[in-house]
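Colleague: I would like to learn how to read a few features of a protein model. Could we start with sheets and then go on to charged pairs and domains?

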Amino acid sequence: MAELTKSGVAGVLARQGILIAFVIFMVGFAIANQRFIAVDNVFGVIRSSAILGVMALGVTFVVIGGNLDLSVGSMMSFSTIVVLDLHDKLGPALAIPAMFALTLLLGAFIGFLVGYLKLNSLIVTLGMLSAIHGLTLTWSGGKNMDIADKSGTWFGFFGQGSVMGIPMPILMFAGLAAVLGIVLARTPFGRKVYAVGGNGTAATFSGVPRARVVFTTYLLSAFCVATAGLMQASRSMGSQNTVGQGMELEVLAAVILGGASLLGGSGTIFKTVIGVLILGFIQNGLLLVGLEFYVQYVVTWTIIILAVWLDIAAKRGRLWSPIA
Amino acid sequence: MTDQTPALRLEGIVKTFPGVRALDDVSFAVMPGEVHALMGENGAGKSTLMKVLGGIHQPDEGRIFIDEEATVMTSPIQAKARGVVFIHQELSLADELSVAENIFLGELPRKTLGRVDWAALYARTDDILGKLNVGFNARTRVGELSIANQQMVEIARALTVDPRAVIFDEPTASLTDAEKVVLFDVIADLKARGVGIVYISHRMEEIFKITDRISVLRDGQYRGTLNTSETDEDEVTQLMIGRSLDLSRNHAHAELGEVAIEVRGLSCGKVYRDISFSVRRGEVVGFYGLVGAGRTEIAETIFGLRDPDAGAIYLDGKEVRIASPIDAIRHGISLVPEDRKGQGLVLGMNCRDNMTLPQVDDMTSSVFVSERAELSIFDHYKDKLDIRTPGWRQTVGNLSGGNQQKIVIGKWLSMNPKLLIVDEPTRGIDVGSKAEIHNLIRDLATQGYAVIVISSEMPEVLHLADRVVAMHQGRIVREFTAEEVTEDSLIQAISGIGGNGAAQADVTAQDAGCSRPH
């Protein structure tokens with residue numbers, strides 16, 4: 001196996017591998033189908049990726065902090081159902097803050113278990129995935145939730161409206177990405193997230209309040225989930241109990257595809273956004289090429305695994321390594 | 001041994017990495033039955049040379065000979081098959097498996113249908129263990145063994161083949177003195193059987209005790225080979241760093257100021273009992289004792305990482321309660337911890353961010369971290385401590401041990417502490433950096449810092465401390481001034497010989513009675 005050097009072309013590949021893969025991938029699909037890079041298609045993809053993207057922003061903090069969050073899918077279902085139900089009972093102006101408060105409470109609970117009680121985040125959030133799903137079904141009585149008067153409310157603005165021609169979901173995704181990107185890269189809190197995920201013990205020895213930092217990453221994640229739930233509810237004005245089911249894995253895939261390490265301590269918001277877009281464009285590209293729906297799952301995940309492998313290979317400097 | 005052919009010979013090895021000539025025409029040979037030390041500062045190329053020998057790196061030029069037969073190494077497994085075996089400083093054993101399974105991992109003897117032949121496995125293992133004269137058997141679970149015995153398992157693993165050369169990489173880093181004796185016996189035994197031994201270590205005492213010849217690398221270049229019996233530490237040091245060091249004892253007392261910290265009657269379960277001492281400004285107090293005597297645990301308590309059951313800590317005469325490192329930092333206490341990589345640094349983070357981590361909250365203009373404020377701190381300590389790094393963006397994990405330690409020291413100095421505690425400040429660090437760190441600690445005292453130095457190396461304690469506190473099994477047995485302390489008296493004190501009979505209490509550090517909650 002030839003050793004790759006860290007300088008020159010390979011060095012650039014190692015640092016920007018995913019971004020370059022993204023460009024190559026876009027060019028390839030564009031050649032295969034002109035429609036792929038049409039402005040309305042590109043906007044369409046970003047728009048339909050926005051909900052997943054908003055969730056991925058929060059999970060990025062959790063993952064950099066050295067933990068996992070598998071509860072975001074079912075938590076998003078919860079937010080969606082709750083805000084739809086409360087909309088008709090309290091009106092949108094009260095329903096939205098109430099839903100945010102309840103979702104943040106769930107995030108705080110998870111953050112308490114993982115941060116302060118130091119329980120394993122995989123177990124806690126896997127458990128919460130089911131528990132929150134149960135909570136959602138209890139709330140709704142298992143029925144679909146619909147807004148009664150769909151035309152008489154401004155609630156649809158977050159999912160269907162637009163400002164200066166740009167759809168709201170895209171604006172919210174971009175705005176939140178910008179704010180959280182700056183929080184992660186430029187504030188003391190962001191720095192502490194990297195330190196806690198990179199080496200929790202060393203962070204403690206440096207006076208970083210590890211438990212509080214982890215707790216806060218889960219609060220942030222819950223805030224993003226609530227925002228995603230709002231976007232989802234606002235777009236469809238009605239929902240099943242399972243609307244977010246399975247999204248936790250897609251979110252995680254986007255974060256990892258962006259290049260965050262599952263072990264914590266590395267990743268950026270920008271990379272996560274790239275990961276989200278890659279995922280969205282793969283699915284869209286395959287659709288345009290005319291691949292059968294079921295086969296798309298197989299191809300999508302094959303591409304994801306391939307991309308992660310190449311990314312790791314570029315970092316290691318070789319395609320295969322006897323040690324991890 | 002002179003008229004034999006070398007067991008292992010490297011000829012003209014060149015290995016370059018982008019921007020670095022890591023090995024520049026390095027040659028050296030190990031004769032059968034010889035213990036050959038390989039020395040050099042961190043970054044001199046020892047690790048790279050060993051990686052070339054183990055087939056992890058392919059050399060750009062040069063050849064490797066085993067028994068004068070040219071060999072191409074492609075992997076550590078293949079190197080072992082050729083009779084070149086590595087005993088690493090960091091052990092790679094499976095704790096949950098038995099000694100026998102660890103030794104024959106990957107090559108367990110089989111019966112039909114792929115079933116493990118346990119009888120043969122245990123018999124062959126006990127056979128090998130017999131040669132090593134160890135106090136455990138083939139069925140012992142590795143996780144139950146001490147570090148020293150785990151190292152014996154690694155050595156036993158080496159003996160499953162008939163080795164021509166065994167490379168020991170810092171084998172004594174985590175061994176007690178008694179355990180070292182056992183290790184040296186094993187090395188002597190291998191030597192008697194005609195095995196060539198490469199011994200990598202920074203510890204001069206050991207080098208002069210057990211090696212026959214010493215080869216020195218500096219900046220990737222071979223600097224020569226000396227016969228151990230015909231040289232001394234000064235000559236070796238000079239070859240390694242290109243200048244000589246002044247390692248004389250330093251008794252230039254600083255002007256002593258007020259008492260910075262006083263500890264009264266501090267106890268922590270069975271870990272330590274009834275600890276009382278004080279440190280003045282401008283004073284270096286050394287804590288000396290065996291591993292497990294409770295020194296690190298006292299430092300952890302003062303730094304808020306461990307709650308004491310009894311006793312009090314006074315800073316500037318006022319009693320303080322320190323419940324977390326955050327409290328300790330607020331009170332002006334800094335701790336350079338014992339485990340540089342585990343506790344001192346976030347290895348994946350860059351140099352600057354590591355250094356400013358404890359005060360990142362104060363590095364802000366409005367709500368954002370100010371790069372300028374951070375860089376001014378980093379640049380200041382980079383110059384002051386002579387930290388060698390390509391730039392602040394460099395990932396700390398890529399620096400040499402000495403430079404890593406300087407980042408940790410810079411991190412804590414930049415907090416302007418009233419009290420600086422340094423725990424094993426030069427562990428695993430080459431002689432050049434070691435002397436620099438020693439000078440730095442003395443300078444700090446002169447500037448009026450109160451300093452506590454915890455060390456397991458007697459020369460270090462003798463060299464640095466104005467006063468030495470000797471500990472044995474969780475108790476302070478004696479305090480010496482720099483004038484009255486001698487090596488003998490210190491050894492007696494810390495081994496519990498003579499001195500204070502109270503030390504014989506049921507205090508053992510193993511069964512911790514008070515927890516480390518953080």
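Modeller: Two strands count as paired if DSSP finds at least two bridges between them. Keep in mind that this is a predicted model.

Colleague: What holds the strands of a sheet together, in general?

Modeller: Strands of a sheet pair through backbone hydrogen bonds, and the pairing is either parallel or antiparallel. In chain B, 4 strands make an open sheet with antiparallel pairing, in the order 12-11-14-15.

Colleague: Which strands of chain B stand at the edges?

Modeller: Strand 12 (272-280) and strand 15 (318-320) of chain B do; each has a single partner strand, so one side of each has no neighbour in the sheet. From one strand to the next, the twist averages 20 degrees.

Colleague: How many bridges link strand 11 and strand 12 of chain B?

Modeller: Strand 11 (residues 259-268) of chain B pairs with strand 12 of chain B over 6 bridges, in the antiparallel sense. For one bridge, take Cys268(B), whose partner in strand 12 of chain B is Tyr272(B). The hairpin of these strands has 3 residues between them, and there Gly269(B) takes a positive phi near 50 degrees.

Colleague: Which helix lies across strand 11, strand 12 and strand 14 of chain B?

Modeller: Helix 9 (residues 295-302) of chain B, which runs at about 65 degrees to strand 12 of chain B.

Colleague: Now the charged pairs. What lets such side chains pair?

Modeller: Side chains of opposite charge can pair when their charged atoms come close. Over all chains, a search of the whole structure finds 37 salt bridges. One of them joins Arg191(A) and Asp353(B), with the closest N and O atoms 3.4 Å apart. This pair crosses between chains, from helix 8 (residues 188-198) of chain A to helix 12 (residues 351-356) of chain B.

Colleague: Is Arg191(A) buried or exposed?

Modeller: Buried means under 20% relative accessible area. Arg191(A) has 7%, so it is buried. Asp353(B), at 9%, is buried as well.

Colleague: What does a salt bridge inside one chain look like?

Modeller: Lys180(B) and Glu206(B) form one, with the closest N and O atoms 4.0 Å apart. Lys180(B) lies in helix 6 (residues 177-192) of chain B and Glu206(B) in helix 7 (residues 204-210) of chain B, so the pair ties together parts that are 26 residues apart in sequence. Both Lys180(B) and Glu206(B) are buried.

Colleague: How accessible are Arg388(B) and Glu436(B)?

Modeller: Arg388(B) has 52% relative accessibility and counts as exposed, whereas Glu436(B), at 25%, counts as partly exposed. Their side chains meet in a salt bridge (3.4 Å, N to O). Arg388(B) sits in the loop between helix 13 (371-384) and helix 14 (401-413) of chain B and Glu436(B) in helix 15 (residues 431-446) of chain B, so this pair ties together parts that are 48 residues apart in sequence.

Colleague: Last topic: which domains does the assignment give for chain B?

Modeller: It gives domain 1 (8-241), domain 2 (254-332 + 418-518) and domain 3 (341-416). The C-alpha centres of domain 2 and domain 3 of chain B lie 26 Å apart. Each of the two gives 15 residues to the contact.

Colleague: How much area is buried between domain 2 and domain 3 of chain B?

Modeller: About 1100 Å², of which carbon and sulfur atoms give 66%. Ile329(B), Glu436(B) and Leu440(B) supply 34% of the area that domain 2 of chain B buries against domain 3 of chain B, more than any other three residues. Between domain 2 and domain 3 of chain B, the count is 2 salt bridges.

Note on methods
Residues are numbered from 1 along each chain as its sequence is written. Chains are lettered from A and ligands numbered from 1 in the order in which they are written. This is a predicted model: local features need pLDDT of at least 70, side-chain atom pairs count only at pLDDT 80 or more; totals for chains, interfaces and linings use all residues. Side-chain values use heavy atoms; hydrogens and water are left out. Helices (H or I, at least four residues) and strands (E, at least two) are DSSP runs, numbered from the N terminus. Axes are lines fitted to C-alpha atoms, for helices over the stretch in contact, and angles run from 0 to 180 degrees between N-to-C directions. Contact means heavy atoms within 4.5 Å. Buried means under 20% relative accessible area, exposed over 50%, partly exposed in between (1.4 Å probe, protein chains only). Domain bounds come from an automatic or database domain assignment. Buried area is the accessible area (1.4 Å probe) that two parts lose on being put together, summed over both.
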